[in-house]
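Subject: Structure for you to look at

Hello,

Here is the structure I said I would pass on. Please open it beside this email and follow along; my notes come after it.

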Amino acid sequence: MCTPSRAAFLTGRYPVRSGMVSSTGSRVLLWAGASGGLPTNETTFAEILRGRGYATGLIGKWHLGVNCASSDDHCHHPVRHGFEHFLGMPFSPMGDCAHWGLSEKRVGLERTLGLGSQVVALAALTLAAGKLMGLLDASWTPAALTALAAALLLAAARSVGVLIVHGDCFLMRDRSVTQQPARLQGMTSLLLQDAATFVSRNKQGPFLLFVSFLHVHTPLVTTDKFLGSSAHGLYGDNVEEMDWLVGRILAILDAEGLTNRTLVYFTSDHGGSLEAQVGTAQYGGWNGIYRGGKGMGGWEGGIRVPGIVRWPGVLPAGRVVHEPTSLMDVFPTVVQLAGGEMPRDRVIDGRDLLPLLLGEVPHSEHEFLLHYCESFLHAARWHDRDRGAVWKVHYVTPRFQPDGAGACYGRLVCPCSGVSVTHHDPALLFDLSRDPSEAQALTPDTEPRFHHVMESVARAVQRHRRTLSPVPRQLDGGHNAWRPWLQPCCGPFPLCWCDLEAG
């Protein structure tokens with residue numbers, strides 16, 4: 001999921017260590033005006049590189065929080081986590097930003113508020129009827145106040161979509177809100193131009209640029225040039241445009257003479273979202289042979305993502321690495337390259353990728369990797385180097401709906417706990433080196449090393465759990481609720497409307 005995986009990427013740590021997880025079903029930050037976010041005591045690779053003299057920039061999506069106590073304290077903002085320049089959406093593109101068929105919050109809130117208005121209106125009518133029939137010996141005040149409440153709830157139901165668009169779908173340049181609501185159709189050219197400007201401005205010295213695309217995410221905003229350009233519908237068109245954007249950024253490096261001294265890393269924060277469907281149209285991608293998808297805890301379809309690295313003259317082109325690696329590995333890799341020092345006051349779960357990429361070592365340093373769903377450990381993998389096997393143990397899996405399906409259709413994402421998951425005892429075991437699709441669970445009858453593998457992974461899980469410390473969960477309860485006094489706004493709240501990016 002977006003929020004926890006981005007936290008892991010930037011800090012090199014499992015998100016459960018930083019509190020960037022939930023235990024109540026809130027898989028990501030739900031509002032731009034919430035107090036949750038990446039804690040200020042977490043260290044990002046951007047902070048370390050900035051301390052080493054690097055110019056640092058983030059362009060695109062953040063989704064790791066904005067404010068803590070006021071609408072302008074920016075405690076979770078990119079500028080407080082090492083990025084001296086930011087242009088993008090501090091929250092996330094959503095279907096609700098474009099009043100799309102796939103809705104994250106709007107439809108549910110409209111339904112709840114509308115039902116509430118009907119219930120309260122019925123109560124108002126009951127009070128009024130009782131008064132008129134002489135059954136209630138009271139003033140008209142209760143009936144009038146109840147009717148007013150019903151009218152307010154109805155007004156809220158009718159306006160909540162507009163409020164979401166203004167409250168969550170906006171653009172910031174550094175610390176200032178500059179476009180509210182964001183004009184999504186013009187975002188591609190705006191962000192590309194800013195990337196070109198950043199590179200040109202900082203080409204004489206070292207720089208770190210994190211381009212976090214808004215693409216391949218609902219509402220799949222695609223410019224006219226790429227509509228109909230693929231054989232795979234709107235999602236395919238959106239991928240084509242993102243591919244073009246990657247090419248344009250590489251061309252910028254070429255034009256500035258920076259290609260041979262710039263490491264480029266391309267990846268995704270999670271697999272395809274299988275539940276992103278409207279009718280028979282699929283808007284969340286496809287995960288090939290891999291089972292499951294985005295937000296499904298341990299299944300490969302939500303975990304295996306592209307990891308493409310380019311550094312001409314340093315890294316051999318065309319080399320394929322089949323070792324288990326992680327987004328968390330970016331942290332130690334770039335810190336080491338920049339000559340920085342790794343934090344010594346906390347556990348860093350990532351491992352330096354460069355020896356593996358250079359072919360200096362045959363194996364990844366990761367022997368075990370853990371796979372969480374919210375704060376719940378769903379699966380673990382063991383790279384058994386002596387035997388060349390990668391084992392996966394599933395302790396918990398989501399129950400797909402309907403029965404026999406490959407996802408949790410009818411939901412935005414599969415749940416992590418409760419009655420909609422299955423706890424396996426014994427756990428499910430797969431050999432990914434022979435069965436990457438996780439199609440056939442192994443048993444003691446079919447795998448002689450079954451008990452040895454289970455025991456080895458269980459010991460690794462226990463070692464990992466002993467390294468965890470309790471921290472506030474940023475996605476739970478009040479941390480993930482909308483607070484009007486925290487709402488970023490380009491004018492006096494609630495007059496949140498502006499476009500300082502026009503022209």
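This is a predicted model: local features need pLDDT of at least 70, side-chain atom pairs count only at pLDDT 80 or more; totals for chains, interfaces and linings use all residues.

**Notes on the model**

Ser 139 sits in the loop that links α4 (106–132) and α5 (141–168). Residues are numbered from 1 along each chain as its sequence is written, and side-chain values use heavy atoms, with hydrogens and water left out.

The cut-offs are under 20% for buried and over 50% for exposed, with partly exposed in between, using a 1.4 Å probe and protein chains only. Between the C-alpha atoms of Ser 139 and Leu 274 there are 56 Å, and along the chain the two are 135 residues apart.

**The helix before that loop**

α4 is built from 27 residues, and from its first C-alpha to its last it reaches 38 Å, close to the expected 39 Å at 1.5 Å a residue. That expected span is 1.5 Å times one less than the number of residues in the helix. The buried residues in α4 are Arg 106, Gly 114, Ser 117, Ala 124, Ala 128 and Gly 130. What do the buried residues of α4 pack against? They pack against α5, where a contact means heavy atoms within 4.5 Å. After α4 comes Gly 134, which has a positive phi near 75 degrees.

**Backbone details to check**

Most residues other than glycine have a negative phi, and most peptide bonds are trans. The places below depart from that.

- Gln 180 and Pro 181 are joined by a cis peptide bond, with omega about 0 degrees. Pro 181 is in the loop between β4 (176–180) and α6 (187–202).
- Phe 493 and Pro 494 are also joined by a cis peptide bond, with omega about 10 degrees. Pro 494 is in the loop between α11 (450–466) and β14 (498–499).
- His 63 is not a glycine, yet its phi is positive, about 60 degrees. His 63 lies in the loop between β1 (55–61) and β2 (85–89), and it counts as buried because its relative accessible area is 5%.
- Val 216 is not a glycine either, and its phi is positive at about 45 degrees. Val 216 is in the loop between β5 (207–212) and α7 (233–255), and with a relative accessible area of 29% it is partly exposed.

**The chain as a whole**

How many helices and strands does the chain have? There are 11 helices and 14 strands. Along the principal axes, the C-alpha atoms fill a box of roughly 90 × 65 × 50 Å. Of the 503 residues, 50% are buried. Among contacts with a separation of 6 or more, 69% are between residues 24 or more positions apart.

Regards

Terms used:
Helices (H or I, at least four residues) and strands (E, at least two) are DSSP runs, numbered from the N terminus.
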